[in-house]
2 protein chains.
Amino acid sequence: MTGSHRSPAAALDRQMRALAEAARGAARVLSRAPTGRKDDALRAAAAAIGRRARAILAANRADVAAARKAGQTAAFLDRLALDPKRLDGMARSLLEVAALPDPVGEVTASWTRPNGLRVKKVRIPLGVVLMIYEARPNVTIEAAGLCVKSGNAAILRPGSDALRSSLALAEAFAEGLEKAGLPAAAAQVVPTADREASYALLALDDLIDLAIPRGGPSLIRSVAERSRVPVLKHYQGVCHLFLDETAPGEQAVALALNGKVQRPGVCNAVECLLVHRAAAARLLPAVGRALADAGVELRCDPTSLTVLRRAGVKAVPARPEDYGFEFLDKILAVRVVPDLDGALDHIARYGSLHTEAIVTRDLGNARRFEREVTASAVMVNASTRFNDGGELGLGAEIGISTTKLHAFGPMGLAELTTQKFVVEGEGHVRT
Amino acid sequence: MTGSHRSPAAALDRQMRALAEAARGAARVLSRAPTGRKDDALRAAAAAIGRRARAILAANRADVAAARKAGQTAAFLDRLALDPKRLDGMARSLLEVAALPDPVGEVTASWTRPNGLRVKKVRIPLGVVLMIYEARPNVTIEAAGLCVKSGNAAILRPGSDALRSSLALAEAFAEGLEKAGLPAAAAQVVPTADREASYALLALDDLIDLAIPRGGPSLIRSVAERSRVPVLKHYQGVCHLFLDETAPGEQAVALALNGKVQRPGVCNAVECLLVHRAAAARLLPAVGRALADAGVELRCDPTSLTVLRRAGVKAVPARPEDYGFEFLDKILAVRVVPDLDGALDHIARYGSLHTEAIVTRDLGNARRFEREVTASAVMVNASTRFNDGGELGLGAEIGISTTKLHAFGPMGLAELTTQKFVVEGEGHVRT
């Protein structure tokens with residue numbers, strides 16, 4: 001027993017429990033903090049990021065150098081690297097969150113029972129939120145800002161390559177909290193790269209109310225397997241665009257291009273194009289040409305391959321594993337389906353519950369697609385890229401949940417709260 | 001490899017996966033089923049319970065006999081035992097659910113973005129719901145009815161002592177489903193008492209959308225530890241009633257009696273009475289006498305013990321573990337607290353997030369209690385016993401969630417759904 005308490009694993013468990021207990025204490029203070037004080041903290045944190053820019057950028061340079069040495073890709077290094085403009089963007093994001101309405105205390109519904117009891121549903125913070133994400137320092141500030149504004153304490157666990165940057169950013173954020181008279185423990189970065197730290201935290205269901213893993217398959221799976229804390233996965237987007245037999249050519253080209261090319265590395269980009277058989281000859285050549293001209297590699301089933309090659313558009317045969325795959329790159333799987341049902345079946349099998357879109361002029365097809373597709377967002381004649389908290393009007397988002405529970409789709413401030421019942425009587429008893 | 005596939009554990013895993021796959025297939029059908037067909041199924045199931053009463057009661061007698069032989073308590077046997085009246089109650093509960101509005105397809109909010117995009121939030125079923133509960137056969141029917149009405153397939157895992165009864169009830173329910181042209185796999189009872197069956201199911205996060213464990217600490221803990229499927233705990237209620245310095249004596253007596261005595265064995269019963277120091281001499285004798293006269297054992301801190309004994313009310317000293325304990329019996333922990341903050345601290349430490357109540361005439365105390373207590377329901381001058389789906393006006397409930405996520409408090413039909421975004425444009429692309 002004594003031995004195990006002295007072991008490194010036990011020391012890490014104790015350290016993580018202490019960190020989570022500090023978060024729980026801060027959460028109780030935050031849950032009662034008036035909106036003005038929380039907003040003051042975010043504004044002071046934004047100012048502190050500006051003042052501490054030199055130290056933050058130095059920490060980031062060390063992260064980038066280490067990641068480069070470790071052989072990370074250029075895209076990875078790009079997401080990791082900070083510069084004065086990106087720091088400025090983070091500070092601005094805090095000011096934007098400060099300007100949003102506070103969800104805490106909102107009465108979302110109220111009614112009176114026949115016996116005169118008055119019932120209200122009132123938004124309250126979740127409590128302590130654990131974010132586990134990849135090496136993107138901006139998430140540290142965005143998640144801290146959204147959690148604090150919604151009255152939650154945040155425990156922030158960035159990918160280890162971003163640890164120095166995230167700790168430096170968290171120091172600036174803590175300065176803002178303290179200036180506003182709020183506890184610094186309201187937003188803590190886990191101060192170790194030890195992989196076991198996440199698992200130690202995920203065991204603490206007595207202290208942590210929600211875990212949000214945001215990242216690729218292996219991260220998500222390991223969190224879901226280990227966690228006793230409730231998990232909302234922010235998982236991949238294997239998003240489809242379906243062109244039905246009535247789809248207008250121009251719209252088909254525009255939505256395919258926007259979905260695939262505007263920002264190929266994000267979760268609401270299109271990964272697979274489905275085309276109704278009756279429209280393949282009409283639509284595929286123009287759509288394929290536009291995509292190929294934009295540098296997209298088209299991985300095609302035999303029917304679409306024939307159509308595209310006949311039209312002189314460069315395309316390659318798809319392998320089975322190209323369907324249901326999130327490329328996050330200028331690569332697109334293409335498939336001709338016999339009809340709407342074929343598209344619905346393909347999506348039910350290969351989709352990831354993220355975003356699915358149809359281009360159609362047919363009201364019946366639109367209604368069936370809306371009703372029968374299970375995904376956090378179903379788009380009719382609109383780009384998959386609109387599945388985003390800002391674009392849908394929720395304000396800033398902490399991510400896009402692919403777990404159906406609690407919040408399915410973009411999670412803004414309201415989705416970081418829960419609701420309790422408040423019941424008022426005059427001595428009512430149950431008979 | 002071959003060996004492991006032939007092992008009993010692998011066979012059980014395969015059996016549970018097959019069962020969950022059948023549920024997933026049924027869920028896809030149910031998610032599109034019109035309301036009328038789901039209601040027909042519930043009504044046909046209610047009729048089938050009546051027709052099959054003899055077989056169901058015979059199965060139940062076998063369950064009860066085995067449980068009695070295994071030495072289960074009288075209270076346990078009472079919850080397990082069925083009779084024609086209880087069967088009739090189950091059938092009626094199905095008719096009541098059939099009469100409730102269908103939550104699926106409800107548009108809970110809609111707005112138009114500045115760019116003209118039309119955004120709707122639409123209720124959809126969760127998919128496949130796994131209920132894990134104790135040996136109460138009525139839960140089998142109530143959960144099946146609520147899941148099917150809300151478009152979900154149910155996998156039902158009763159305590160092993162209720163397996164025969166539950167299988168017989170599920171046969172009747174399946175008959176109702178089939179009469180209405182819905183798949184029998186929409187409500188399946190796990191056909192084995194093997195404890196590992198639950199764990200095998202809880203690993204299937206690709207097929208099951210939600211697990212609801214309803215029961216005591218050990219059941220809840222083992223599910224939370226093992227599950228990869230999202231879990232909403234329906235855990236114990238350590239509910240407090242706080243009498244502040246302004247509490248009217250009559251109301252204090254009425255709410256204490258109703259909370260503790262009306263039905264001591266349920267989760268929204270009061271387990272601990274807190275009394276403001278300044279009101280102890282005024283309130284405790286009458287409240288204590290009423291409770292003692294109703295057969296309640298009062299386990300008291302030194303201050304309340306002195307007051308009660310001085311008034312001639314029978315009381316015993318509390319042990320430390322009596323605070324934060326769910327007695328589910330005619331036993332009540334009693335404690336005098338220095339002030340409202342003392343009550344709030346006690347509740348924050350010992351409460352189970354279920355139901356907390358205050359009796360007060362003071363507006364400020366009422367507002368602080370409402371705001372600062374974290375619990376699924378906060379009662380002001382109303383009995384804790386009102387934390388119940390029917391009493392709050394939600395209709396029938398599948399249980400009371402003590403997990404803050406998704407649904408905190410009573411879960412009715414709406415809480416068995418999630419919401420997706422439906423976005424309609426005219427070829428909108430993101431710039």
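Which residue of chain B comes closest to the rotation axis? The structure is a predicted model, in which local features need pLDDT of at least 70, side-chain atom pairs count only at pLDDT 80 or more, and totals for chains, interfaces and linings use all residues. Residues are numbered from 1 along each chain as its sequence is written, while chains are lettered from A and ligands numbered from 1 in the order in which they are written.

Two copies of a chain are related by a rotation about an axis and a shift along it. Here, chain B is superposed on chain A by a rotation of 180° with 0.0 Å of shift along the axis, at an RMSD of 0.0 Å; the superposition is by least squares on the C-alpha atoms of residues with pLDDT of at least 70 in both copies. The two copies are thus related as by a two-fold rotation axis. The residue of chain B that comes closest to this axis is H406(B), whose C-alpha lies at 1.8 Å. Both copies use the same surface, since 100% of the contact residues of chain B recur in chain A.

The contact between the chains takes 57 residues from chain B and 57 residues from chain A, two residues being in contact if their C-beta atoms, placed from the backbone, lie within 7 Å. Several elements of chain B give two or more residues to the side that touches chain A, among them helix 10 (217–226), helix 15 (363–372) and strand 13 (377–382). Helices (H or I, at least four residues) and strands (E, at least two) are DSSP runs, numbered from the N terminus. Strand 16 of chain B gives the most to this side, with 11 residues. By class, the side of chain B that touches chain A has 25 nonpolar, 17 polar and 15 charged residues; Ala, Val, Leu, Ile, Met, Phe, Trp, Tyr, Cys and Pro count as nonpolar, Asp, Glu, Lys and Arg as charged, and the others, Gly among them, as polar.

An open sheet of 10 strands with mixed pairing has the order 1(A)-2(A)-16(A)-13(B)-12(B)-7(B)-8(B)-11(B)-9(B)-10(B). Strand 1 (107–112) of chain A and strand 10 (316–317) of chain B stand at the edges with a single partner strand each, so one side of each is left without a neighbour in the sheet. Strand 16 (residues 417–428) of chain A pairs with strand 13 of chain B in the parallel sense over 5 bridges, strands being paired if DSSP finds at least two bridges between them. In this pairing, E424(A) stands opposite V380(B). Strand 7 (residues 239–243) and strand 8 (residues 270–276) of chain B also pair in the parallel sense, over 5 bridges, and C272(B) is the bridge partner of H240(B).

Within chain A, helix 12 (residues 277–293) and helix 13 (residues 302–310) pack at an angle of about 70°, with their axes 9 Å apart. Axes are lines fitted to C-alpha atoms, for helices over the stretch in contact, and angles run from 0 to 180 degrees between N-to-C directions. Helix 12 and helix 13 of chain A are therefore roughly perpendicular to each other (angles under 35 degrees count as roughly parallel, over 145 as roughly antiparallel, 65 to 115 as roughly perpendicular and the rest as oblique). The residues of their contact divide into 6 nonpolar, 3 polar and no charged.
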